[in-house]
Amino acid sequence: MKPIRLPEPPSGPTGVPDIFEGGVYGVVRRAVIIGNGFPASENQSIGLVRALGLADKQTLFRVTRPKGGVNEWLHWLPVSLHKKLDYIIRQIYGYSRILLAGRGNKLHSLPFENGGSVGLSSVLEADVKKIVTMAHETFEKDGPLLVVASGRDTISVASAIKRLASKNVFVVQIQHPRTHLNRFDMVITPHHDYYPLTPHAQEQVPRFLRKWITPREPPDSNVVLTTGALYQVDAGALRTAATAWHDEFAPLPKPLLVVTIGGPTRRCRYGVDLVKQLTVSLHNVLVSCGSVRISFSRRTPAKISNLIVKEFGNHPKIYIWDGEEPNPHMGHLAWADAFVVTADSVSMVSEACGTGKPVYVIGMERCTWKFVEFHKSLRERGLVRPFTGLEDMSESWSYPPLNDTAEAANRVRQALAERGWRLRP
């Protein structure tokens, strides 16, 4: 009898049939990002998803807090408790409105939650039940769901998704969650987050307080340590930005110095004194600069930005971005010959170091705690130098660019493979 030949099963680009690699059930084709509304946090998640090749299949959800009135004083609370208190306050306030209306008193409206009165109600709320339901109901058709979260307010949401849909999701938490690490499939955090475990840090904390300082244990096997923050900057993004901003930046005299100014933080305090130091140093290096571009972050206090504008607003070599769209940030990264960055932002410094170009940092000596460890590691690797005002900007230097995002993405791929999953081709 002539043997019956069955048709060959369809193969993917690698020539291996999907059924031998777990089929659709083992292929990660989409990602959910849990954000908190802060660009410094959300850009890390977006950068990782981009590096994993899922930028066109990502959905952004946000954990939003009640805003306005007393809510501005409650941001230190866990977000779930904050929302419950806000609900109680609104119920009491609503009852008070009825009583006051009966007495003829003038009423003042309480601000809407999440800025609903100013058009923010369209933001996708990070609803655990909805995301878990989506992960369960679409698993057979679309495969596992990659969940990437970053920021304190996203921790409870991401860990709940992991707990309720562990067989259908792979949950990555960016930045140390200060809680049990086994609540996530992977935690990606800078090496300096473990600074509290160093002998030097221990000396700075009274013995009776040490048990309250996190983290308390060395990183587990599911922890990926980076040098700095993750970001969206890679060679492809820089090439795209260079093309998009060509007409504006190509005619500028070289070398182009980009100055990025953040704002004081709890671990990196400064005021107008540092800005005055910055202005003196900038005046000193202008002779070796072809042109200078200055921009501020959302955290920059008005007194600092106003001082810079007053000092350099009319200088022929200097352009100060006014905050209006389009944001030239990616153009700055692509076209700059060198950077000066204030020391307060890990994200801003990390992005600049991702270019391989000279990065000068001002204010490092004003930083404390783990920020000291961060800047020390960059100096030891030759990625940054202190900005003194004695530099010759026509003299360039380079280093292997900071590559944390790509390296973290590789670790995600390895972890997925250990689980029997893979990213879409």
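Six strands make up an open sheet in the order E3-E2-E4-E5-E6-E7, and the pairing is parallel. Pairing here takes at least two DSSP bridges between two strands, and the strands (E, at least two residues) and helices (H or I, at least four) are DSSP runs numbered from the N terminus. At the edges sit strand E3 (58-62) and strand E7 (223-226), each pairing on one side only. From one strand to the next, the twist averages 20°.

Before going on, keep in mind that this is a predicted model: local features need pLDDT of at least 70, side-chain atom pairs count only at pLDDT 80 or more, and totals for chains, interfaces and linings use all residues. Residues are numbered from 1 along each chain as its sequence is written, and side-chain values use heavy atoms, with hydrogens and water left out.

Back to the sheet. Strand E2 (residues 30-35) runs parallel to E3, and five bridges join the two. Gly 35 stands opposite Arg 62 in E3. Now look at what lies across the strands. Helix H3 (residues 128-137) covers E2, E3, strand E4 (145-150) and strand E5 (169-174), running at about 170° to E2. Helix H14 (residues 404-418) lies across E5, strand E6 (186-190) and E7, at about 160° to E6. The axes behind these angles are lines fitted to C-alpha atoms, for helices over the stretch in contact, and angles run from 0 to 180 degrees between N-to-C directions.

Next, Ser 159, which is found in helix H5 (residues 155-164). With a relative accessible area of 14%, Ser 159 is buried; the cut-offs are under 20% for buried, over 50% for exposed, and partly exposed in between, using a 1.4 Å probe and protein chains only. Leaving aside neighbours within four places in sequence, Ser 159 is in contact (heavy atoms within 4.5 Å) with Arg 183 and Phe 184. Ser 159 and Arg 183 are 24 residues apart in sequence, yet their C-alpha atoms are 5.3 Å apart in space.

Ile 88 belongs to helix H2 (residues 79-102) and is partly exposed at 45% relative accessibility.

Then there are the charged pairs. A search of the whole structure turns up 13 salt bridges, each being a side-chain nitrogen of Lys or Arg within 4 Å of a carboxyl oxygen of Asp or Glu. One of them joins Lys 254 to Asp 337, with the closest N and O atoms 3.7 Å apart. Lys 254 lies in the loop between helix H8 (246-249) and strand E8 (256-261), and Asp 337 in the loop between helix H11 (329-335) and strand E11 (338-342), so the pair ties together parts that are 83 residues apart in sequence.

Another salt bridge links Asp 273 and Arg 366, with the closest N and O atoms 2.8 Å apart. Because Asp 273 lies in helix H9 (residues 272-285) and Arg 366 in the loop between strand E12 (359-362) and helix H13 (370-380), this pair ties together parts that are 93 residues apart in sequence. Arg 366 also meets Glu 365 in a salt bridge (3.6 Å, N to O). Glu 365 is exposed at 55% relative accessibility, whereas Arg 366 is partly exposed at 25%. Finally, Lys 162, Asp 185 and Arg 419 are linked in a network of salt bridges.
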